[in-house]
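Open the model in your viewer and keep the selection panel at hand. The stops below say what to select and what to look for at each one.

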Amino acid sequence: MVSFTLFCILGGFYLSYCSSKKMKIPTASRLEQWCAKNAMTGRVLGLFLLVLSAGLTLARFGPGAGFLVFIISLMTLGSLIILVRPLRILNGISLLGIFALVFLAEIGLG
């Protein structure tokens, strides 16, 4: 459940980042093009994913620690997106692979 929450935080921040007018990347993926055309829908979907992940962390860790875990995760993953996205190191396939490995590790160790 923690890996799903982190994936929701990553997706929510990425959708909000892509729908921003400040993001200017010359070659964009299909998701980035969709977010540029449908900025309001991208923002709403990103906000929904962030609120969902905040609720999941609050339910999993409690109100105090859950809020702290959510804020730290949001800052960490947001910084990762802002630093790594212009370099085009991570794409959708590699993120799904990383998510699958983390999810399997969470199931195996949990």
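Between which two helices is the loop where Arg88 is found? Select Arg88: the loop that holds Arg88 lies between H4 and H5. Keep in mind throughout that this is a predicted model.

Stay on Arg88 and check its backbone. Most residues other than glycine have a negative phi. Arg88 is not a glycine, yet its phi is positive, at about 60 degrees. Now show the surface. Arg88 has a relative accessible area of 33% and is therefore partly exposed, since that class covers values between 20% and 50%.

Next, select H1 (residues 2-18) and H5 (residues 92-109) together. Their axes come within 9 Å and cross at roughly 155 degrees. An angle over 145 degrees counts as roughly antiparallel, so H1 and H5 are roughly antiparallel to each other. The crossing of H1 past H5 is right-handed. To see the contact, show side chains on both helices: H1 contributes Val2, Ser3, Phe4, Phe7 and Leu10, while H5 contributes Leu95, Leu96, Phe99, Val102, Phe103 and Glu106. Coloured by class, the residues of this contact are nine nonpolar, one polar and one charged.

The axes of H3 and H4 come within 7 Å, with a crossing angle of roughly 140 degrees. That angle makes H3 oblique to H4. H3 passes H4 in a right-handed crossing. On the H3 side, the contact is made by Leu50, Ser53, Ala54, Thr57, Leu58 and Phe61. On the H4 side, select Pro63, Ala65, Gly66, Phe67, Val69, Phe70 and Leu74. The contact of H3 with H4 has ten nonpolar residues, three polar ones and no charged ones.

Which residues touch the most other members of the largest nonpolar core? Select Ile9, Cys18 and Ile81: among the 15 residues of that core, these touch the most other members. H1 supplies the largest share, seven residues.

Finish on Cys18. Leaving aside neighbours within four places in sequence, what is Cys18 in contact with? Select Met23, Glu32, Cys35 and Ala36 to see these partners.

Key. Residues are numbered from 1 along each chain as its sequence is written. This is a predicted model: local features need pLDDT of at least 70, side-chain atom pairs count only at pLDDT 80 or more; totals for chains, interfaces and linings use all residues. Side-chain values use heavy atoms; hydrogens and water are left out. Axes are lines fitted to C-alpha atoms, for helices over the stretch in contact, and angles run from 0 to 180 degrees between N-to-C directions. Helices (H or I, at least four residues) and strands (E, at least two) are DSSP runs, numbered from the N terminus. Angles under 35 degrees count as roughly parallel, over 145 as roughly antiparallel, 65 to 115 as roughly perpendicular and the rest as oblique. A crossing is left-handed if the near helix is turned anticlockwise from the far one by less than a right angle, and right-handed if clockwise. Contact means heavy atoms within 4.5 Å. Ala, Val, Leu, Ile, Met, Phe, Trp, Tyr, Cys and Pro count as nonpolar, Asp, Glu, Lys and Arg as charged, and the others, Gly among them, as polar. A nonpolar core is a set of buried Ala, Val, Leu, Ile, Met, Phe, Trp, Tyr and Cys residues joined through side-chain atoms within 4.5 Å. Buried means under 20% relative accessible area, exposed over 50%, partly exposed in between (1.4 Å probe, protein chains only).
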